[in-house]
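Please work through the exercises below with the sequence and the model at hand. Each task is followed by a solution in steps.

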Amino acid sequence: MRRAGMVAGLALQAAVRAVAPGVSTREMDKAAERSIRKSGGIPTFIGYRGYPATICVSVNEEVVHGIPGARKLKPGDVVGIDIAATVDGFVGDTAVTVIVPPATKEAQRLVDITKGCLDLAIDKMRPGNRLGDIGAAVQGLAEANNFGVIRDFVGHGIGRQMHEEPAVPNYGTAGTGMRLEPGVVLAIEPMITAGDWRVRVLGDGWTVVTEDGSLAAHFEHSIAVTEDGPLVLTSVD
């Protein structure tokens, strides 16, 4: 799973490097696909429930599952990129949100807090903690900063399949839920909005947007619980 995570993480970096004014989301997708295949992996998203691309690119009010295409990025766009790679039958899943310069203060604060939510959640991936500790950490930081926490889409277990049990909500009550033990691997993915948490799916059947049109941000890592604490499988640092 560490190998799969590395391949996914490197491909995510390739997509991020492509982000610039005038670049199409399809160009970003091709950069990520080249990276995965060069590393000997398979793009997990392609064909998943009919999905047509290597990455999801979600811009501004789009939360997740945006389909790459002819849309060209503009200065100030908030760009969420989600990707997964399969290597030797195991999956790594990761996401990041970046801003096409220049960033507004609102957008930068949203991105920073969402990244902070993921960092807090990762720290909860320790033996003896519970699943609810993860959601409580994300919800606590987001709502303390007057941001919305998406309810309709959640993180998940991951391994030989991209989506496995358990579901990992970004909200919840500390000290409740499944106990975390060494060997548990979760894809934790805070999805945070600058406004209300309610969302809807567009006519393409994939793209999820905020109902109120507010900006959204999304970060994700695949993390293993070990005796020594959390191991971030999709980190390339």
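The model is predicted, so local features require pLDDT of at least 70 and side-chain atom pairs count only at pLDDT 80 or more, while totals for chains, interfaces and linings use all residues. Residues are numbered from 1 along each chain as its sequence is written, and side-chain values use heavy atoms, without hydrogens and water.

**Exercise 1.** Determine the strand order of the open sheet of 5 strands and identify its edges.

*Solution.* Step 1: strands are DSSP runs of E with at least two residues, numbered from the N terminus, and two strands pair if DSSP finds at least two bridges between them. Step 2: the order is β8-β7-β9-β14-β15, with antiparallel pairing. Step 3: β8 (164–168) and β15 (229–232) each have a single partner strand, so one side of each lacks a neighbour in the sheet. Step 4: β7 (residues 155–157) is joined to β8 by 3 antiparallel bridges, and H156 lies opposite A167 in β8.

**Exercise 2.** Which residues make the contact between α3 and α4, and at what angle do these helices pack?

*Solution.* Step 1: helices are DSSP runs of H or I with at least four residues; axes are lines fitted to C-alpha atoms over the stretch in contact, and angles run from 0 to 180 degrees between N-to-C directions. Step 2: α3 and α4 pack at about 155°, with axes 8 Å apart. Step 3: this makes α3 roughly antiparallel to α4 (an angle over 145 degrees). Step 4: with contact meaning heavy atoms within 4.5 Å, α3 contributes I113, G116, C117, L120 and A121, and α4 contributes I134, A137, V138, L141 and A142.

**Exercise 3.** Describe the burial and the pairing of β4 (residues 78–87).

*Solution.* Step 1: buried means under 20% relative accessible area, with a 1.4 Å probe and protein chains only; 10 of the 10 residues of β4 are buried. Step 2: V78, G80, D82, A84 and T86 point one way, and V79, I81, I83, A85 and V87 the other way. Step 4: β4 and β5 form a hairpin with 2 residues between them, where D88 has a positive phi of about 50°.

**Exercise 4.** How many disulfides are there?

*Solution.* Step 1: the criterion is a pair of cysteine sulfur atoms within 2.5 Å. Step 2: the count is 0. Step 3: C56 is buried at a relative accessible area of 4%, and C117 is buried at 0%.

Note on methods. Buried < 20%, exposed > 50% of the residue type's maximum accessible area, 1.4 Å probe, protein only. Parallel < 35°, antiparallel > 145°, perpendicular 65-115°, else oblique.
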